[in-house]
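Here are my notes on the model you sent over. Have a look at the structure first, then read on.

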Amino acid sequence: MGQNQEMAIAQMREAVHKLGSSTEGFAETTLMRFLIARSLDAEKAAKMFVQWQKWRASFVPLNFIPPTEVADELNAKKVFLQGISRTGHPVVMVQVSKHFPAKDQLQFKKFVVHVLDKSIARGKEIGNEKLIVILDLQQISYKNIDVRGMITGFQFLQAYYPERLAKCYLIYMPGFFVHAWRLVSRFLEKATLEKIVIVTSEEEKREFTWEVGEVLPEEYGGQAKLTLVQDVELTPLELDD
């Protein structure tokens, strides 16, 4: 860690204290995620960190979302946790054709947290902290399009999981989805947009296949089996991660 980063962390700790909170028990790597998300601005990073602490305490009081609280979303069998990519990141795959706009928005938000926390916990087994998300848009229809849900997912990533996204691949995007994606894109920060790849060209397909590596499912040209997120057993994510 460079001198500038060490100084920024020290300034952030002081700024958090002035906001009436504390960074005690949190690793420097955790604080750096917030600093990077706010371009090493200690004051902005501190504000973001304190907001995250308050959100986490109120929205995830047990420090994890029990499966029983997101049963309807899990029963759709639409999210898969594939293991670790060639580049060292946990791979999360969403089959959008099995998703429908949620009637229970609170449960959907809890489901987003449940999936993200479980995916990050998978990565922590090897000390990795960033995710590769694959949105499979194959065979979707208009009834699967959920602009509100996509915005919620990305906003949660941006506000409460800074620097957790390594790459997001959108595969098999149909033409009629383009308008919906443009609406979603308006709510994404530049740093998030730069991590998103809409796979269309042969070069992008090769990059996608290579990066996902051995955990690419058979249905997508790989050798792995699809593994539902509820079938993966992991220790809940620690708060200071």
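Which residues do ring pairs link into a cluster?

1. That cluster is made up of W55, F59, F156, Y160 and Y161. Keep in mind that this is a predicted model.

2. W55 is in helix α3, while Y161 is in the loop between α6 (147–160) and β4 (165–171), so the pair ties together parts 106 residues apart in sequence. W55 is buried at 9% relative accessible area, and Y161 is buried too, at 4%.

3. The aromatic pairs number 14 in all. Another of them is F26 with W52, with centres 5.8 Å apart and planes at 75 degrees, so it is edge-to-face. F26 lies in the loop between α1 (3–18) and α2 (28–37) and W52 in helix α3 (residues 42–59), so this pair ties together parts 26 residues apart in sequence. F26 has a relative accessible area of 12% and counts as buried; W52 is buried as well, at 6%.

4. As for the overall fold, I see nine helices and five strands, in the order α-α-α-α-β-β-α-β-α-β-α-α-β-α. Of the contacts with a separation of 6 or more, 77% are between residues 24 or more positions apart.

5. On size, the radius of gyration is 18 Å, which agrees with the value near 18 Å for a compact globule of 241 residues. Buried residues make up 51% of the protein.

Conventions:
Residues numbered from 1 in each chain as written. Predicted model: local features only at pLDDT ≥ 70, side-chain atom pairs only at ≥ 80, totals over all residues. Heavy atoms only, no water. Helix = DSSP H or I, 4+ residues; strand = E, 2+ residues; numbered from the N terminus. Rg over C-alpha atoms; globule rule 2.2 N^0.38 Å. Buried < 20%, exposed > 50% of the residue type's maximum accessible area, 1.4 Å probe, protein only. Contact = heavy atoms within 4.5 Å. Phe/Tyr/Trp six-rings, centres within 6.5 Å; stacked < 30°, edge-to-face > 60°.
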